[in-house]
Amino acid sequence: MNSLHENHTFELVKLSQDKRALKNKWVFKLKPEENNSQPRYKAQLVVKDFGQKKGIDFEEIFSPVVKMPSIRVVLGLITSLNLEIEQLDVKTTFLHGDLEEEIYMVQPEGFVVKGKENFVCRLRKNLYGLKLAPRQWYRKFDSFMMDHGYDKTSSDHCVFVKKFPNGKYIILLLYVDDMLIVGHDKNDT
């Protein structure tokens, strides 16, 4: 819940009669920790997406992912040009995607605000389970990359390239919340 509040994921509002609120659930996991015998407990709030209706809660849900031929080409470049590669996994991925749609959710179990029991959460950010969450995350990521001097290749919308005046470059491949970053030197930005 701290992460949801820090990311301004929702605001409490009264639900108008012509709107409806989606349900949610908590998903609990034990995650093994490297270099630690004690697992980490993880809780994630997930929207129950089967209540969403096209045309009401969302229009488009398609989100591109890097194509396999692009991965093969970049792996070939790595070996032939002796480039460096780094893999990243973005934490709380969907919380970074802003919602444009007006979507409401009931207050999470165990976190109903006293005195506001009849209020619902108006979502400002995506949550796992929303059908449009991957698309909104991609749109935010794409906008960020364009603002920071990266170009998309014409053959794959999930391959981003930034060229430097010294002839070096960085290639970034995006697959939902996983990334491969390839370049001449890990210190290049």
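Helix α3 (residues 133–147) has a buried set of residues: Ala133, Gln136, Trp137, Tyr138, Phe141, Asp142 and Met145. Here buried means under 20% relative accessible area, exposed means over 50%, and partly exposed lies in between, with a 1.4 Å probe and protein chains only. Helices (H or I, at least four residues) and strands (E, at least two) are DSSP runs, numbered from the N terminus.

A word on the source: this is a predicted model, in which local features need pLDDT of at least 70, side-chain atom pairs count only at pLDDT 80 or more, and totals for chains, interfaces and linings use all residues. Residues are numbered from 1 along each chain as its sequence is written, and side-chain values use heavy atoms, with hydrogens and water left out.

What do the buried residues of α3 pack against? Their partners are β8, β9, β10 and β11, where contact means heavy atoms within 4.5 Å. The helix lies across these strands and runs at about 15° to β9. Such angles run from 0 to 180 degrees between N-to-C directions, and the axes are lines fitted to C-alpha atoms, for helices over the stretch in contact.

After α3 comes Gly149, with a positive phi near 85°.

Now for the sheet. Strands of a sheet pair through backbone hydrogen bonds, either parallel or antiparallel. In this model, five strands form an open sheet in the order β5-β11-β10-β9-β8, with antiparallel pairing. Strands β5 (84–89) and β8 (151–152) are the edges, each pairing on one side only. Two strands pair if DSSP finds at least two bridges between them; β9 (residues 159–163) and β10 (residues 169–175) are antiparallel and joined by five bridges. Within this pair, Lys163 stands opposite Tyr169 in β10.

Helix α2 (residues 68–81) packs on the sheet too, touching β5, β9, β10 and β11 (178–183), and its direction makes about 145° with that of β10.

His8 counts as exposed because its relative accessibility is 52%, and Asn82 counts as exposed because its value is 67%.
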